[in-house]
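Thanks for coming, everyone. I'll walk you through one structure this morning, and I'll keep it brisk.

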Amino acid sequence: MTVLAGLRLASPVVVAAGCGGTGRELAAYGSLDALGAFTTRTITLDARRGGPVPRLLETPSGLLHATGLPNPGVDGFLATELPWLLQQRARVVVSVAARSLGELAELARRLGTAPGVSAIEVNVSPPDTGPEPELMSAREPFQVGAAVAAVERELPRGVPVLAKLRPDAVRVVEAARAAVEAGAQALVVGQALPASMPDGRAAGLSGPAVGPLALRCLVEVLEAVDVPVVAGGGVATVADVRARLALGAVAVQVGAALLHDPTTAARLVAALDPDTTSEETPDR
Amino acid sequence: MSAGGPVSPVHVTGEVLASKRIGAFWHLTLVAPGVGERFRPGTFLAVSVGSPDEGRTRLARRALWIHQVRPLGGYAATVQVVVEPVGPGTRWLAGLERGDRVEVTGPLGRPFALPKEPVSTVLVGEGYAAAPLFSLAERLRERDCPVTLVLGAPDEARLLNALEARRTARAVTVVTRDGSVGARGEIADVLDEVLRRAGADVVYAAGPTPVLHAVALAAEAHGAWSQTALEQPLTCATGLCHGCPVPVVGEDGVARTARACADGPVLRGDRVRWDDLAGARS
């Protein structure tokens, strides 16, 4: 049984923010209630249309993305997307980002009291923040702490706040400590790496290319803090998941792999389920 | 019009049953259980580049129009796709041989909406993107809809199935940019005349954005509906990544952003804000 910040998860496999669509598209390839959790795309206070194309580009073993975080805003999410996810009996973690600490607090107030929201994941350092309105993206540990605190203060008991940290091997431990001191009940290590589109636009890099880097960050964070840690970054195979759990992560996030094979999460859930004897084909 | 709801896709390891070069295109016939059975004209499939046994180095999927679904070699519903090798992914696909395996997801997207009445239809396609129009023509004829076909291409090598077209449609107009077959010029040059002569009620189109835009404008000028199958660069092709925005106007007149893959690929031509769509001006 996977327990994350007091939440009992059906599986250690969690869908990462921004890689499961609205949930409806992913549900075609496996039921959402079998997942450890479904992390929504990042939700902001006001709706965002997202950035110009190209929004995603293929790089060797990676995906570059600069979507601009399109989303229907918190009102649209609560009205149209959350009810459907709850109908599927999905455990819902809502990813949030904002232009200011005040907006983050407002998001936490609105989402923390919405029935069915299991946890809030603060996207503290989105790698692509534009186009206007530009979102906060923490560079310094104190900014990470401030963002986490702004959310934590507003959440009712039983709704934990998770901080998703930028996998910068040099700074990630400081950021992790700042997040925990500010009240983060769990950490997610493995945001996309800050990268750039060929035209210079800020972007994130995800996929197997970033796996070893994110793994280094995971190891350092696990040594430094006592809260549960969710491992993300380049997770695609059963071996990837087992390696991270063996190192001490309580769960994993599957992201870019879903864009390549939408059945990835369902396959990993099945392969890791102790009650099934299904033979997962060895690593692909 | 019976609106096309999204179809339910499957993700399977498929197998190449045949690969045949015709002109500049490779026609690949795939055994992909479940895909052909669910197919409706206008839906597409996504393939992974690279053998399923060799790791993941090219992560973006390649979206391909489903050209034909037919029983072949003991399989109930093989799917045929048309590939024009222009980049590393499509070149890899063109190099596949009988028996090679390929990861396939499909059918994806919303299909062409079909009329309930036997109305006059014009089908417009350019290059390999004309692929979905042939099965659409069959469905329309089953509904007693007169079908007129307009096929365009840069040259004869990139003109898809002009011979088959003459069996499928009541009238066929062929346009090539270099004049190697049919009239010399652009599809846009002939649209008004074809729509007028056919008395078109519905115009279906598949091709590059400028062609679709021209079709939407011409259809509106003739008081016809248009159904345009957009071809935008897709990454996941399944609706997960939000990487293929299409500016549209909703039923309520409010500007919105649709996804080419999951809300499309077929959208009503009068709903697309063509001037805001990347690639609208060639």
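**Bonds, helices and rings**

Let me begin with chain B, at B:Pro265. This proline sits in a loop of chain B, between strand 14 (255–259) and strand 15 (266–268). One caution before I go on: this is a predicted model.

B:Gly264 and B:Pro265 are joined by a cis peptide bond, with omega about 5°. Chain B has another bond to show you. B:Gly106 and B:Pro107 are also linked by a cis peptide bond, and here omega is about -5°. Where does B:Pro107 lie? It belongs to strand 6 of chain B, residues 101–108.

Over to chain A, and two backbone angles. A:Ser61 has a phi near 55°, which is positive although the residue is not glycine. Find A:Ser61 in the loop that runs between strand 5 (56–59) and strand 6 (62–65) of chain A. Next, A:Arg89. Its phi is near 65°, again a positive value in a residue other than glycine. A:Arg89 is in the loop between helix 2 (73–87) and strand 7 (92–96) of chain A. Is A:Arg89 buried or exposed? Its relative accessibility is 66%, so A:Arg89 counts as exposed.

Staying in chain A, go to helix 9, residues 264–272. This helix is mostly covered, with seven of its nine residues buried. Here are their names: A:Thr264, A:Ala265, A:Arg267, A:Leu268, A:Val269, A:Ala271 and A:Leu272. What do these buried residues pack against? Their partners in chain A are strand 3 (13–15), helix 7 (238–247), strand 14 (251–254) and helix 8 (256–260).

Now a helix pair, also in chain A. Helix 3 (residues 101–112) and helix 4 (residues 141–152) of chain A have axes that come within 7 Å and cross at roughly 35°. The crossing of these two helices is right-handed. Which residues make the contact? From helix 3 of chain A come A:Leu101, A:Leu104, A:Ala105 and A:Ala108. From helix 4 of chain A come A:Ala146, A:Ala147, A:Ala150 and A:Val151. By type, the contact of helix 3 with helix 4 of chain A has eight nonpolar residues, no polar ones and no charged ones.

Last topic: aromatic rings. How many aromatic pairs are there over all chains? A search of the whole structure finds three. I'll show two of them, including B:Phe25 with B:Tyr128. Their ring centres are 6.2 Å apart and their planes stand at 85°, so this pair is edge-to-face. The pair links distant parts of the chain, 103 residues apart. B:Phe25 is in strand 2 (residues 25–31) of chain B, and B:Tyr128 is in the loop between strand 7 (121–126) and helix 3 (131–142) of chain B. B:Phe25 has 1% relative accessibility, so it counts as buried. B:Tyr128 is at 26%, so B:Tyr128 counts as partly exposed.

Then B:Phe112 with B:Tyr204. The centres of these rings are 5.4 Å apart and the planes are at 90°, so this pair is edge-to-face. B:Phe112 lies in the loop between strand 6 and strand 7 of chain B, and B:Tyr204 in strand 11 (residues 202–206) of chain B, so the pair ties together parts 92 residues apart in sequence. Both B:Phe112 and B:Tyr204 are buried.

Conventions: Residues numbered from 1 in each chain as written. Chains lettered and ligands numbered in written order. Predicted model: local features only at pLDDT ≥ 70, side-chain atom pairs only at ≥ 80, totals over all residues. Heavy atoms only, no water. Helix = DSSP H or I, 4+ residues; strand = E, 2+ residues; numbered from the N terminus. Buried < 20%, exposed > 50% of the residue type's maximum accessible area, 1.4 Å probe, protein only. Contact = heavy atoms within 4.5 Å. Phe/Tyr/Trp six-rings, centres within 6.5 Å; stacked < 30°, edge-to-face > 60°. Axes fitted to C-alpha atoms, helices over the stretch in contact; angles between N-to-C directions. Left-handed = near helix turned anticlockwise from the far one by under 90°. Nonpolar A, V, L, I, M, F, W, Y, C, P; charged D, E, K, R; others polar.
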